[in-house]
Amino acid sequence: MKRLATATVAAVMAAAPVMADLVFPSLSYRTGAYAAGGIPFADGYADYMTLLNERDGGIGGVMTRILECETGYNTEKGVECYEATKGEGALVYQPLSTGITYQLIPKATADGIAIHSMGYGRTSAANGKVFSNVFNYPANYWNGASAVVQHILDVNGGDIKGKKIALVYHNSAYGKEPIRTLEELSKKHGFELSLLAVDHPGQEQKSQWLQIRRERPDYVTMWGWGVMNQVAIQEAVNIRFPMENFIGVWWSGSENDVLPSGDDANGYKAVTFHNVGNNFPVFEDVKKHVVDTGKAAGAGDQIGTAIYNRGFYAAMLAAEAVRNAQAIHGVADITPAMMLDGMESLEITEARMAELGMPNFGPSFKVSCENHGGPGTVGVAQWDASSKTWSLISDFKETDMSVIQPLIEADSAAFAAENNIAERCN
Amino acid sequence: MLYRESGDFSETYKADSQTFPIKFDRYRYYAVLIVAFLVIPFVINDYWANAVLVPFLIYAIAAIGLNILTGYCGQVSLGTGGFMAVGAYACYKLMTAFPDVSIVVHVLISGGITAAVVTLFGLPSLRIKGFYLAVATLAAQFFLVWLFNRVAWFYNYSASGQINAPDRTVFGYLVTGPNTEAWAKYLICLIFVTFTGIVARNMTRGALGRKWSAIRDMDIAAEIIGVNPLNAKLSAFAISGFFIGISGALFFSVYLGAAEVGEAFGIQKSFLVLFMIIIGGLGSIFGSFAGAAFMVLLPVFLKNVLVGGLGWDTALAAHLEFVIVGALIIVFLIAEPHGLAQLWRVAKEKLRLWPFPH
């Protein structure tokens, strides 16, 4: 018993922080129905931070530390992880789950910690006047929905009156997010929208695809995650739905989703707010400093996959925000409050991305007190089954903010009224 | 030596029929209450409240509720998750519609609404039994989740279908919302647990509980000796629903603060609560607590030991957690099919004779 106690104490001592560091909690999920997406994201996030430590000695001379906590995409475990990590000086949370994000928005705001829900979470958090601690730059679900419609417009020469578009969505807060925007857009452009919900975890979609076969929509768009994506793509293949008319959101656009369908998935499209592929100079550094030294997170086999890149990009934006905060406050070991300032005045330029070895990895943008959502520019990627790669077929383009902005205002105003929040940034 | 009846004389019928007839047991019970009410609130922190004690207390209420229905009355239910969702959504609608009414009242009314809904789904139990009833309650589970997903009125037409608990106070102290102090959260749940525990314990000891047990053991025999199956079964559904509704309301408003029905109140929740009462012990109030503790605390404890203490990889630890919890469930059920409560009972029997067993 005593030996065990001593061993435990020794282990705790070994794991305890030795000196000042920058703490980035990673609420990851390497288990469960959504692990296929959770693993590459967590790996990308951790690898970038390891790269900074190994190559540059941290950010501004302070080492970074990843605190990984397994949530299994489960909100209760998410709460546990948040409570377990928040006391360690956590700078920014990236829950990678819309459900957990909803949970943490009020909690993190009360605790003065930032949340960066990049391309997920509560879309109206883009309104910084109401959501002081939540950021979802560079793009959100509604930008994604608009980009899908925009792409369909482009393909059809700008006229989609009378066309039918079906939305296959995960029946949860995440999947329901784009519905309102798509409804507005359907009024504006005159297309017919049909909604098909798929329940967690999404392995059973026969009836939804039967309905699609019957209704013959011209386009299908998908808000899926985890195992649901590959099932949907396989079902689409089974009913011989033309793949180039099937467009997923960025969470339905990874290698894991299309590979199981083999060559039949060729031509499947997904919108994205960051670049794809492993053809960036920074990945040379990752190989040299992280993979070859055996410090890669997970199995180290995810580099360059779509969701790895997203985790990598999220880490890059977090690190740049830290740099910005260090510059503003002149302190290297920043606090969560300083991190908020750093995120709120973050500016990402093409020159800076090139300097980081990530040219054209994402859009260049600037965050402000009012706008936590970034520019909302979205590109389209297409899957090539023969070379097993994604490639951008359209550059990052503006989305229809004339539709999205009023929706953001309305939803955030409702949240502000429910919770008695006074507008900031005046 | 200490744990025995002898020397403890009851002079009134009331004293004779009290919950804990053995003096040592009684004092232990008071000691637990004193520690729970007067010590823990002063030392509790956010982590202990949000990750350990509040979920334990809330699941204990749900387990007591299900135990009344399944353990005492013998009606198998797989609808607990859906019934908790009724409590949660009723609480949300009440909180937003009547912001000036106390949250305690809302939680109790949510329990009442859930009782009504559960009774409705209990009606088929008069005709169908056993596995068939389990399937009927399973249908209730899926129907209720579908309903709360489908009808936007239940979530006040929010874009994502999420419900969020606004700030509410009891005697001027916040008990819901993000700014709630850990002790307030803990204490409000503890008060509800104590209330439901005492009510359930006394109900199951009284005439109603004996009717339930009679129905459970053999419903035809019970009917012959004069137990009305309609009353007995439906009262078990209603009272069980009341407790489960309270736990659902607290689960959403005090513990999570935001919830979506499919994720928070899915079929896994029904199974989780069912496992709690099976492992804890069917037909035992103590078993409800023991089962809730086992299923809530063990994963958190394992995670802290494996990841926090030994520094293991999180994915490996998560997988191993499943293995260990699963193996322990099997071991417990083989070693003691009647659950942790039976172990406790056996321990008490042994204690009575200690240190001089025959």
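How many residues of domain 1 of chain B are in contact with residues of domain 2 of chain B? This is a predicted model, in which local features need pLDDT of at least 70 and side-chain atom pairs count only at pLDDT 80 or more, while totals for chains, interfaces and linings use all residues. Residues are numbered from 1 along each chain as its sequence is written, and chains are lettered from A in the order in which they are written.

Chain B is divided into domain 1, covering 1-9 + 18-43, and domain 2, covering 46-266, with bounds that come from an automatic or database domain assignment. In answer to the opening question, 5 residues of domain 1 of chain B are in contact with 5 residues of domain 2 of chain B, where contact requires C-beta atoms, placed from the backbone, to lie within 7 Å. The centres of these two domains of chain B, taken over C-alpha atoms, are separated by 28 Å.

As a whole, chain B has 15 helices and 4 strands, which are DSSP runs (helices H or I, at least four residues; strands E, at least two) numbered from the N terminus. Of the contacts in chain B between residues at least 6 apart in sequence, 75% join residues at least 24 apart.

Turning to the pair of chains, 35 residues of chain A are in contact with 32 residues of chain B. On the side of chain A that touches chain B, α4(A) gives the most, with 7 residues, and α1 (2-15) and β2 (64-70) of chain A are among the elements that each supply at least two residues.

Conventions
Contact = placed C-beta atoms within 7 Å.
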